[in-house]
Amino acid sequence: MTRAVLEQTIGGQVLAPGDDGYDEARTVWNAMVDRHPRFVVRCSDAADVAAALRYAREHDLEVGIRCGGHGIVGHAVPDGGLMLDLRPMGGVVVDPTTRRARVQGGALLGALDVAAQEHGLATTAGNVSHTGVGGLTLGGGMGWLARRHGLSCDNVVSFEVVTADGSIIRASADEHPELYWALRGGGGNFGVVTEFEFVLHPEPGRAISAEFHYPADQADAPMRRWRDLSTTAPREATFSATIGGQDVALGLVWVGDPDAGAAAIADLDAELTAVAEPTSRVVEPMSYLELQTREDDVKGYTWRRYWKGHYFDVLGDEVIDAVLARGAADLPNVSLQAYGGAIADVPDDATAFSRRDAAFEFVAASLWKDPAKDEARMAAARRYAGTMDRFANGAYVNVLGDDGVAGLRRAYSDEKLARLTAVKDEFDPDNVFHLNQNIRPSAG
Ligand SMILES: Cc1cc2nc3c(=O)[nH]c(=O)nc-3n(C[C@H](O)[C@H](O)[C@H](O)COP(=O)(O)OP(=O)(O)OC[C@H]3O[C@@H](n4cnc5c(N)ncnc54)[C@H](O)[C@@H]3O)c2cc1C
């Protein structure tokens, strides 16, 4: 296994331990992930991806796919294997006439948002601009536009894919339709996506964020009112809540006409205040691009992290009680984000993505620096999220951890798992792409 052979077949750069850039390439969002690939291939195009895949298979190297590096388990980084670093393929080309964007497989969300907004357009992307289009879209893709335009994956009209045998194919409603179905929610199981073709929507780019803060021990009644109001919210509004320590922020994010947004926020303020006066209000008008970058954190890579997620079909009073029970120290931060709207308009069997009828997505996220605290912090997050297990109906595949088959069963129904397995059998029968929430081939 020589590096020279690999370098001869690759247009991009090959990195090995000790090379400049190697450590940067293997560093991902979760600082607990400290793995050392044998090679990192900085792919410059689909042909590089195909050549690197062939090399990995010939030399029996495990394959990891890196886009934004935000996958919480760090599947992108194979220990001793070959990492396909797609980030050199980070380009976005927008056609304002057809309202389509061609997005390379290693692009970050910020590149898509910026390129589309230059033409007064946008499509659904997640909340942090340094997340990868790749991992986010293949798992579903929730964002502030999803209640209006569907999930990110709902806006993909075609994919260019390098399959396990090195073929470069397209998947769309007309070409390989089962693969097209599976790529919209089934994750990185079926091939390396080297290009996403997205539908874009006219979007003037005005947003407002509103938060009403309460102490956790006084948030119960306002949170129930906030929950009730979420069920009739217009699609421009995504009700969201965050809980950090003992502070509970109830609110919404509005993307759309600013006057209508201001009126909706004034109504929410009046309704919540009628129940209990908040300790503070934070109402911030901003551009859509400011909204999409306000949670960015360039130093985020230094934190150790652990997540647990749930979907709730109903945010019942018992769930609110469980979420607000914040006795112990070192509890995870919590976010709740409303689904509904255009997400639920798409029939469940239209895509691999599942649980479209969820009312809210819940994520409990812990972060810490000291490795000595790993077990305690993970156990605390598991215990806290575990108190809500019985109310949950599944989980978002992109927030699953090392839950194995149990996690997959939370993300997909039995019917969908069977259909995903059939696609896996056709496109990756040897399970080359197994560093992911793995759909195993039936022979594997
Ligand atoms: C700070 C932060 C904010 C987030 N916000 C949101 C949010 O608003 N909405 C939301 O829905 N999710 C969100 N997520 C979750 C996010 O969707 C997942 O973590 C996702 O896996 C990140 O994708 P990535 O490309 O950055 O990660 P990577 O670690 O690079 O990739 C994760 C996996 O995706 C697959 N993959 C990636 N690119 C490709 C490709 N081109 N072809 C084939 N397979 C590929 C691979 O299996 C890879 O292991 C957030 C995560 C973080 C850390």
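**Figure 1. Elements around the ligand in the predicted model.** In this predicted model, strand S3 (63–66), helix H5 (133–139) and strand S10 (192–199) each contribute at least two residues to the shell around the ligand. The largest share of that shell comes from H5, which supplies five residues. Altogether 35 residues surround the ligand, and the closest of these are Gly-68, Gly-132, Gly-134, Gly-135 and Gly-188. Sorted by residue class, the shell around the ligand holds 14 nonpolar residues, 20 polar residues and one charged residue.

Figure 2. The chain is divided into domain 1 (3–85), domain 2 (92–203 + 414–427) and domain 3 (206–405). Residues of the shell around the ligand are given both by domain 1 (3–85) and by domain 2 (92–203 + 414–427), and the ligand therefore lies between these two domains.

**Figure 3. Where domain 2 touches domain 3.** In this view, 34 residues of domain 2 are in contact with 26 residues of domain 3. On the side of domain 2 that touches domain 3, the elements that give two or more residues are helix H4 (109–117), H5, helix H6 (146–149), helix H7 (177–183) and helix H15 (414–427). The residues on this side of domain 2 comprise 14 nonpolar, 13 polar and seven charged ones. The C-alpha centres of domain 2 and domain 3 are 24 Å apart.

**Figure 4. Packing of helix H8 against helix H9.** Two packed helices are described by the angle between their axes and by the distance between the axes. The axes of H8 and helix H9 (residues 258–275) cross at roughly 145° and come within 8 Å, and the crossing of H8 and H9 is right-handed. From H8, the residues Ala-221, Pro-222, Arg-225, Trp-226 and Leu-229 meet Leu-268, Glu-271, Leu-272 and Val-275 of H9. Seven nonpolar residues and two charged residues make up the contact of H8 with H9, with no polar residue taking part.

**Figure 5. Packing of helix H8 against helix H11.** Helix H8 (residues 220–230) also packs with helix H11 (residues 317–324), here at an angle of about 130° and with the axes 10 Å apart. The two helices, H8 and H11, are therefore oblique to each other, and H8 passes H11 in a right-handed crossing. Asp-220, Met-223, Arg-224 and Arg-227 of H8 meet Asp-317, Ile-320 and Leu-324 of H11. Three nonpolar residues and four charged residues form the contact of H8 with H11, and no polar residue is found there.

Technical notes: Residues are numbered from 1 along each chain as its sequence is written. This is a predicted model: local features need pLDDT of at least 70, side-chain atom pairs count only at pLDDT 80 or more; totals for chains, interfaces and linings use all residues. A residue is near a molecule or strand if its C-beta atom, placed from the backbone, lies within 6 Å of it. Helices (H or I, at least four residues) and strands (E, at least two) are DSSP runs, numbered from the N terminus. Ala, Val, Leu, Ile, Met, Phe, Trp, Tyr, Cys and Pro count as nonpolar, Asp, Glu, Lys and Arg as charged, and the others, Gly among them, as polar. Domain bounds come from an automatic or database domain assignment. Axes are lines fitted to C-alpha atoms, for helices over the stretch in contact, and angles run from 0 to 180 degrees between N-to-C directions. Angles under 35 degrees count as roughly parallel, over 145 as roughly antiparallel, 65 to 115 as roughly perpendicular and the rest as oblique. A crossing is left-handed if the near helix is turned anticlockwise from the far one by less than a right angle, and right-handed if clockwise. Two residues are in contact if their C-beta atoms, placed from the backbone, lie within 7 Å.
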